[in-house]
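Dear colleague,

I am passing a structure on to you, and I would be glad if you could look through it before we next speak. Below the display you will find my notes on what came out of it.

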Amino acid sequence: MIIYKNSINGFIEDCESDEITSKILFSLKHKRGLNIGASLKERESWKTLKRVSKILADLDNKENQFVLLEFVIRDSFKRIDLMILGKDKNDKKNLAIIELKGWSQIQTYGDTLLLSPNVSYGPCNHPSDEAYTYYFILTNMYTEINDFNIVCYSYLPNYQYKTQNVLKEKRFSEIINLCNAYCKNDNDEFKYILKTHFSNDILEQEIDRFDSLEYKPSKSFKEHMKDECNSLKLIGSQNIAYYRFVELMNEFEKQNKKVIFLVSGSAGSGKTIVAFKMMTYLRSLGNKSYLILPGPEFRDAIKKMHVNKTSVDFIRGADSFLKADNLIIDEAHKATGRDAANIFYQRIIDNTNKCIVAFIDNQQVVNKKGISKNELREIAAQKSWAIVELNLLEQFRNGGDISYIDWLKNILFDVDNEQEFFSNDFFDFRILNEKDFNEKYKYMYEKDNVRMVSFWTQTWNLNSLDPNIKIGDSLYSWNPNWKWLEKYKSNGNKTTKQLERLCNTLNFNKDKKGSQYIGYFNTVQGYEFDYVFVHIPKLFYLDENNKINVDINQLDMSEMKSQIWATKNIKNIEEKTKKENLNKLYFLNRLFVNLTRGTKGAYVYIEDKKLEQYIKSKLLNNKRYS
């Protein structure tokens, strides 16, 4: 999608009159309802455009060659800083992709392939790496524009090195060979390169077709996605579900019938890996498919874990505006975007051409914004979509100890599965007193893959990271992430480079931010650690019927009001009881999630003493508590 288009002459005039920023902003906010705006970082980067205009001033035929800025690749929602389109002296059509950076100082980031520039948002990819990504997408996924000779470069007009060009250190040779990098020292060389590409007129109609590119992948790209798909190995019921999905997709496509697949499985059954396999398979067919991962921290970590996989380009959040052939949705019960669940699923069904795959845990309970399997079935039926249900039976969590999972279901949800007691011979489950809980956590944090999680029963301090969450005699702070940082800034607080990195770059689940930070109940959704420490506050208690219950009044309502059903003003007793039970099940499920994040063990501190004794009585191996 074209955001800004002008002749090279017009672009130079807009830069000289300082109108360039306002024109880009206006188009971003109004072009076809895109309304994506621009961050402060992006606006700062546009200041480099005036320097670019001086480079372009020496080109010939500037009135009939063109500049595109902030070009949106619809299929991936990536935005290309700068594209130049024109012809060379041999009348060959050329397109140059140029990644711009306003950095003036750059250092390497340890022994990695990242760079650390003089900006506050932490380590960054090499700019040529970003430019080559755009090149790869355009040349492999939009073959209708392959009549252009497409080249790519990165340009840093503010960076001037004295003795050594960090951008071209030996470690970056592979990417430099694919996409050269230019800086202030190289202005004359960069001008010469551009002159070889752009010297003759091109028709404006040639440019306008970029405004509505259709996803048409090359044969080699389809093969590439097949290779990625084949590299993902499934076992048991995962394989059965996957091949059943492939078989039925082919059948429904022949019938021109739309279908929703409801894929069920317990926590630890491998739903996410099956979702990746399905998505890469659909992409290998040339279909426009996305994988929606609702949780931002989980989504970011998955992208980093699969950094060399093309498939990460097709991962989205639930609030993305998507028109697709196929959507695959992990944690589908809570994927609601900005809308209520019913509206969200009505909208995506209307905007999906072939199929939706919804992965939902067997044990999941929705909050007031979520959606249940039955509601999904009803919406699909209303739209005359076929409905297929698949099941995943594996259990990879908690050392594969299914007895632990069944025991938790028994004591938390009163499931009659003959697993009333648990023998912790294989999975290390311990109930600790407050002193041992805190000390063991701090000791193990430094040497093992461990995290601590709790519930919002204590206020989240929005003006400081000073520890204020009290567990026993120890103080902790909630995990500082981008969401906390936004609120922190909105309160007028100033940030530092270190704070920005802590919140925007480091991930609670992948990176050790520090033992003083703990996760709230849904931070660790989708993650596994060697050991998990679970603080169970008085939100959970043992009631008069010897059942685990939930006291909603213990919650810090300022953080939780959007998550739970309000019951205070409901006069109908039946309706009130129904909502209270939904709240109870929602938090019991969250407790279940927290207690199943460890592969080797779970260490627990329980504030309600009756509840502590009750759970201890359900353990067969009591020598740990003697």
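This is a predicted model: local features need pLDDT of at least 70, side-chain atom pairs count only at pLDDT 80 or more; totals for chains, interfaces and linings use all residues.

The protein chain has 21 helices and 24 strands, and of its 626 residues 55% count as buried.

In soluble globular proteins, nonpolar side chains tend to be buried together. Here the largest nonpolar core holds 82 residues, of which Met-83, Phe-210, Phe-245 and Phe-261 touch the most other members. Leaving aside residues up to four places away in sequence, Phe-245 touches Phe-261, Met-278, Tyr-281, Leu-282, Cys-355, Val-357 and Leu-390. Apart from this core lies another, of 69 residues, which includes Leu-408, Phe-437, Leu-485 and Ile-615.

Not counting residues up to four places away in sequence, Asp-608 touches Lys-538, Phe-540, Tyr-541 and Leu-542. The C-alpha atoms of Asp-608 and Ile-536 are separated by 8.2 Å, although these two residues are 72 residues apart along the chain.

As for the aromatic rings, the count comes to 34 aromatic pairs. One of them is the stacked pair of Trp-484 and Tyr-488, at 4.6 Å centre to centre and with 25 degrees between the planes. Both residues lie in helix H17 (residues 482-490), four residues apart, or about one turn of the helix, and both are buried. Tyr-586 and Phe-587, by contrast, form an edge-to-face pair, with 5.1 Å centre to centre and 80 degrees between the planes; Tyr-586 is buried with a relative accessible area of 5%, and Phe-587 is buried with one of 0%. There is also an aromatic cluster formed by Phe-437, Tyr-441, Tyr-445, Tyr-476, Tyr-531, Phe-533, Tyr-603 and Tyr-605.

Finally, two charged side chains lie over ring faces: Lys-93 over Phe-148, at 5.0 Å from the ring centre, and Arg-451 over Phe-508, at 6.0 Å from the ring centre.

With best regards

Key
Residues are numbered from 1 along each chain as its sequence is written. Side-chain values use heavy atoms; hydrogens and water are left out. A nonpolar core is a set of buried Ala, Val, Leu, Ile, Met, Phe, Trp, Tyr and Cys residues joined through side-chain atoms within 4.5 Å. Buried means under 20% relative accessible area, exposed over 50%, partly exposed in between (1.4 Å probe, protein chains only). Contact means heavy atoms within 4.5 Å. Helices (H or I, at least four residues) and strands (E, at least two) are DSSP runs, numbered from the N terminus. Rings of Phe, Tyr and Trp (its six-membered ring) pair if their centres lie within 6.5 Å; planes under 30 degrees apart count as stacked, over 60 as edge-to-face and the rest as tilted. A charge sits over a ring if NZ of Lys or CZ of Arg is within 6 Å of the ring centre and within 35 degrees of the ring normal.
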